[in-house]
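Please keep the sequence and the model in view while reading.

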Amino acid sequence: MKWKIEDAILFENSDFFVINKPSGISTLDERKDVFAPNVLRLAKAYSDDAQVGHRLDKETSGALVIAKNPEAYRHISMQFEHRETAKRYHAVVEGMHDWDGMLVNLPILPLKDGIVVIDRAKGKHAETWFQTLKVYKNYTLVECMPITGRMHQIRIHLACLKAPIVADAMYGGKDIYLSELKKKFHLKQDTEELPLIRRVALHAHSLSFNLLDGSPITVEAPYPKDFGVLVKQLEKFS
């Protein structure tokens, strides 16, 4: 994947830069493919002492903060540790849900094969707030605000609400096709219909944190093309 980190910068000063990470690129090195490009490696090529402040799943797009120096890295790490940052994700989920500050507080246990389960005995504390942004026919656009930062937290918590994220096969989400939304849909002969989005429909829409001088900042990441198309089609045909 040919991707330049400088083309994705949403905010930058002498201590931090925030990027709009595309789907399909890992935050850190992958065990399975050590030669695949990742955000950390590209960030270090852009700024020598770069360190990522947090992680986004490979398939998740959106706002990711990178520290440019050790002091900035300590500063942002402490904010994440003390839950002084605010991350807001947008997800398209299955079903029609009317949530106004729905809290899911279920402990998460990672398994060896890269998936997580809810485990009340051995799991680690995990909390996520959910807010309905827009209800469509059979689908909902949801804002997700994780209080803790466990692996796959939003994905498993939504699955527990019987609202798996579209195309999230790992946690029960199915693909979405235009033919489901559009009454008059004609596919050309000998062609196969492709899903509207070919990855988990989750986007880190905004990130709020404090700069080194203590001043607060919120950076918003516009929807990437695939997520934007999905929402547009839901708007159009619902």
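## Strand β10

How many of the eight residues of β10 are buried? Eight of the eight are buried (under 20% relative accessible area, with a 1.4 Å probe and protein chains only), so β10 is largely enclosed by the rest of the structure. In a regular strand the side chains alternate between the two faces of the sheet. In β10, Y139, L141, E143 and M145 point one way, whereas T140, V142, C144 and P146 point the other way.

## Basis of the model

The model is predicted: local features need pLDDT of at least 70 and side-chain atom pairs count only at pLDDT 80 or more, while totals for chains, interfaces and linings use all residues. Residues are numbered from 1 along each chain as its sequence is written, and side-chain values use heavy atoms, without hydrogens and water. Helices (H or I, at least four residues) and strands (E, at least two) are DSSP runs, numbered from the N terminus.

## Partners of β10

Strands pair if DSSP finds at least two bridges between them. β5 and β10 are antiparallel and share six bridges, with V93 opposite T140. β9 (residues 127-135) is also antiparallel to β10, through seven bridges, and K134 stands opposite L141. Three residues lie between the strands in the hairpin of β9 and β10, where N138 has a positive phi near 70 degrees.

## Helix α5

The buried residues of α5 are F227, L230, V231, Q233 and L234. They lie on the same side of α5 because they cover an arc of only 160 degrees around the axis, taken from the directions from the helix axis to the C-beta atoms. The face turned away from this buried side carries K225, K232 and K236, which are exposed (over 50% relative accessible area).
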